[in-house]
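Please look at the following model before reading the notes below. The notes take up the overall fold and then a few selected places in the chain.

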Amino acid sequence: MGAYQKDPEATEDGTWDIMYELLDHTVDEYFPVLYKFEDHIDDIEDNAKDEPMDELMRQLYDIRSDLSRMRRILNPMRDLMYRIMSTNALKAKEQVRYFNDIYDHLLNMIEIMQASRDLSNDIRESFMSINSDRMNSIMFTLTLMSAIFLPLTFIAGLYGMNFSYMPELTGKYNYFIVLGIMIGLVGVMVFAFYKMGWFKYRKGPKL
């Protein structure tokens with residue numbers, strides 16, 4: 001009685017079937033992860049919980065780091081599938097169709113991943129622009145206040161000098177006169193800044 005002879009083609013087909021099942025299962029496991037990243041990025045963009053910008057930026061950096069790691073996984077898998085599709089190792093049309101389906105899934109996931117990276121980058125740049133605009137608004141307000149109080153500080157410093165003889169200090173109503181001059185000076189400066197359009201500087205958006 002002769003030894004049992006396995007069909008080489010059947011064995012090879014079985015190997016490809018196992019490989020297909022492994023690859024298909026592995027690739028399908030990444031779709032929920034990518035969709036989770038998409039949802040998280042959308043939540044960051046909406047910021048329904050009104051989280052501070054520092055926390056949102058930290059979450060964005062974490063997502064981008066995770067997407068970078070996933071890119072290092074998916075790109076080699078895509079290249080592997082491309083090499084398999086480019087060889088003549090797959091003989092049956094069903095095998096070609098199945099592996100081509102995996103390849104299409106990989107391309108779709110890479111597109112989703114890249115779109116998520118681009119969106120996270122756009123959100124990050126928007127946050128940085130908002131933060132810069134807010135800082136400009138704060139600096140503008142401080143500059144405006146400094147410009148108003150600068151002449152008042154000069155007058156207060158001038159009359160705060162400890163000289164033995166200052167004629168302006170001897171008058172009964174000189175304090176009220178100087179105080180009126182200071183108030184009038186503030187009013188003139190505020191009116192001048194208003195006419196110059198300084199108070200029309202738009203406020204930074206609320207985060």
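The model is predicted. The protein has five helices and zero strands, and 26% of its 207 residues are buried.

**Overall make-up**

- Along the sequence, the pattern reads α-α-α-α-α.
- Of the contacts between residues at least 6 apart in sequence, 81% join residues at least 24 apart.
- The protein exposes about 14,700 Å². Carbon and sulfur atoms supply 59% of that area.

**The pair α2 and α3**

- Helix α2 covers residues 30–46, and helix α3 covers residues 53–86.
- The two helices α2 and α3 pack with their axes 11 Å apart, at an angle of about 155 degrees.
- Because this angle is over 145 degrees, α2 counts as roughly antiparallel to α3.
- The crossing in which α2 passes α3 is left-handed.
- On the α2 side, the residues that meet α3 are Tyr-30, Val-33, Leu-34, Phe-37, His-40, Ile-41 and Ile-44.
- On the α3 side, the residues that meet α2 include Leu-56, Leu-60, Ile-63, Leu-67 and Met-70. Gln-59 and Asp-66 of α3 also take part in this meeting with α2.

**Asn-47, in the loop between α2 and α3**

- Asn-47 lies in the loop that runs between α2 and α3.
- The relative accessible area of Asn-47 is 16%, which is under 20%, so Asn-47 is buried.
- The side chain of Asn-47 reaches the backbone nitrogen of Glu-51 at 2.8 Å.

**Met-53, in α3**

- Met-53 belongs to helix α3.
- Met-53 has a relative accessible area of 14% and is therefore buried, the cut-off being 20%.
- Between the C-alpha atoms of Met-53 and Asn-131 the separation is 8.5 Å, although these residues are 78 residues apart along the chain.

**Phe-140, in α4**

- Phe-140 sits in helix α4, which spans residues 93–158.
- Phe-140 and Trp-198 are 58 residues apart along the chain, and their C-alpha atoms are separated by 9.0 Å.

Terms used. Residues numbered from 1 in each chain as written. Predicted model: local features only at pLDDT ≥ 70, side-chain atom pairs only at ≥ 80, totals over all residues. Heavy atoms only, no water. Helix = DSSP H or I, 4+ residues; strand = E, 2+ residues; numbered from the N terminus. Buried < 20%, exposed > 50% of the residue type's maximum accessible area, 1.4 Å probe, protein only. Polar contact = N/O pair within 3.5 Å; in protein donor to acceptor, adjacent residues only side chain to side chain. Contact = heavy atoms within 4.5 Å. Areas by Shrake-Rupley, 256 points an atom, 1.4 Å probe, with all protein chains shown as cover. Axes fitted to C-alpha atoms, helices over the stretch in contact; angles between N-to-C directions. Parallel < 35°, antiparallel > 145°, perpendicular 65-115°, else oblique. Left-handed = near helix turned anticlockwise from the far one by under 90°.
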